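Dear colleague,

I am handing over a structure for you to look through. My notes on it come after the structure itself.

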Amino acid sequence: MSDLIKTIKSVVWPRRCMFCDGETFENTLFTCDRCRDSLPYVNGKICSKCGRARSECTCSSTTLYYDKAAAPFYFEGGVKKCIHALKFKGKTQFAEPLSEYMLRTFREQYGDEAFDFITCVPLHPEDLKLRGYNQSRLLAEYISQKTEIPFNDGILNKIYRTEKQSGTSPIERFGNVLGAFEVTKGIDLSGMSILLIDDIETTGSTLSECGKMLFLAGADKVCCLSAAVTKLKKKGRS
Ligand SMILES: [Zn+2]
Ligand SMILES: [Zn+2]
């Protein structure tokens with residue numbers, strides 16, 4: 001399509017902002033001007049383990065089996081709505097612009113890392129069948145394309161279905177995912193540095209459980225990148 005036609009099209013049929021559904025135009029990552037200035041970006045001094053601002057970090061009290069995690073956003077407001085739409089409402093077109101935001105974080109946080117490959121948190125085969133796609137895989141594939149780090153899908157498998165994590169306590173979350181993942185038998189990850197992609201980092205329990213399996217298979221380094229990370233600290237408490 002020529003640029004002129006694209007411009008005309010974008011004026012006549014503006015896109016919808018993926019965060020607020022307001023009008024937006026081409027080349028703006030499905031983001032309207034208002035959202036661009038007010039999204040819940042993760043910024044300030046960032047904890048090198050959980051990827052939250054240090055003022056939001058609670059990870060020192062937890063053992064997490066990965067080297068580092070990072071995300072462009074907190075899981076709030078429009079970001080929450082957008083990831084929910086990607087995950088549950090078939091809005092797979094949001095994967096690409098969300099990945100662009102993740103790529104910014106990737107360059108800031110992991111620009112110096114030499115990853116051997118990218119992989120993603122898998123869905124259980126039955127959940128994959130129901131949903132038709134794995135949203136984390138869509139994010140991972142796009143990031144692989146842009147960074148030219150190979151995407152390797154056959155590494156992690158989810159071997160049993162877990163309870164819905166929302167509404168459960170942090171301790172329950174770690175218990176829920178215990179033993180839920182495995183590395184494909186016969187795969188040796190000795191000395192490998194891996195970038196693990198997920199949609200949302202909540203307590204880090206899923207990433208940690210996947211990381212544990214990757215380390216058990218020999219991985220040297222596991223770094224995580226998600227589209228959003230939840231704030232765990234309760235308002236009004238320090
Ligand atoms: Zn908007
Ligand atoms: Zn932290």
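This is a predicted model: local features need pLDDT of at least 70, side-chain atom pairs count only at pLDDT 80 or more; totals for chains, interfaces and linings use all residues.

Residues are numbered from 1 along each chain as its sequence is written, and chains are lettered from A and ligands numbered from 1 in the order in which they are written.

**Overall fold**

The protein chain holds eight helices and nine strands, these being DSSP runs numbered from the N terminus (H or I of at least four residues for helices, E of at least two for strands). Its radius of gyration is 18 Å, close to the 18 Å that the globule rule gives for 238 residues, so the chain is as compact as a globular protein of that length; the radius is taken over C-alpha atoms, and the rule is 2.2 Å times the number of residues to the power 0.38. The C-alpha trace spans about 55 × 45 × 40 Å along its principal axes. Of the 238 residues, 37% are buried, where buried means that 20 or more other C-beta atoms lie within 10 Å of the residue's own, exposed means 12 or fewer, and partly exposed lies in between, with C-beta atoms placed from the backbone. Among contacts between residues at least 6 apart in sequence, 69% join residues at least 24 apart, a contact being a pair whose C-beta atoms, placed from the backbone, lie within 7 Å.

Leucine 195 touches Tyr110, Phe115, Ile118, Ile149, Cys223 and Leu225, when residues up to four places away in sequence are not counted.

**Helix 3**

Helix 3 (residues 77–88) has 12 residues and reaches 16 Å from its first C-alpha to its last, close to the 16 Å expected at 1.5 Å a residue, the expected span being 1.5 Å times one less than the number of residues. Gly78, Val79, Cys82, Ile83 and Leu86 are buried in this helix. They cover an arc of only 130° around the axis, which puts them on the same side of helix 3; the arc is that of the directions from the helix axis to the C-beta atoms. What covers these buried residues includes helix 4 (95–110), helix 6 (135–147) and strand 8 (193–201). Glycine 90, with a positive phi near 70°, follows helix 3.

**Single residues in loops**

Aspartate 21 sits in the loop between strand 1 (15–16) and strand 2 (23–24) and is partly exposed, with 13 other C-beta atoms within 10 Å. Glutamate 148 is in the loop between helix 6 and strand 6 (156–158) and is exposed, with 6 other C-beta atoms within 10 Å.

Best regards

Terms used. Two residues are in contact if their C-beta atoms, placed from the backbone, lie within 7 Å.
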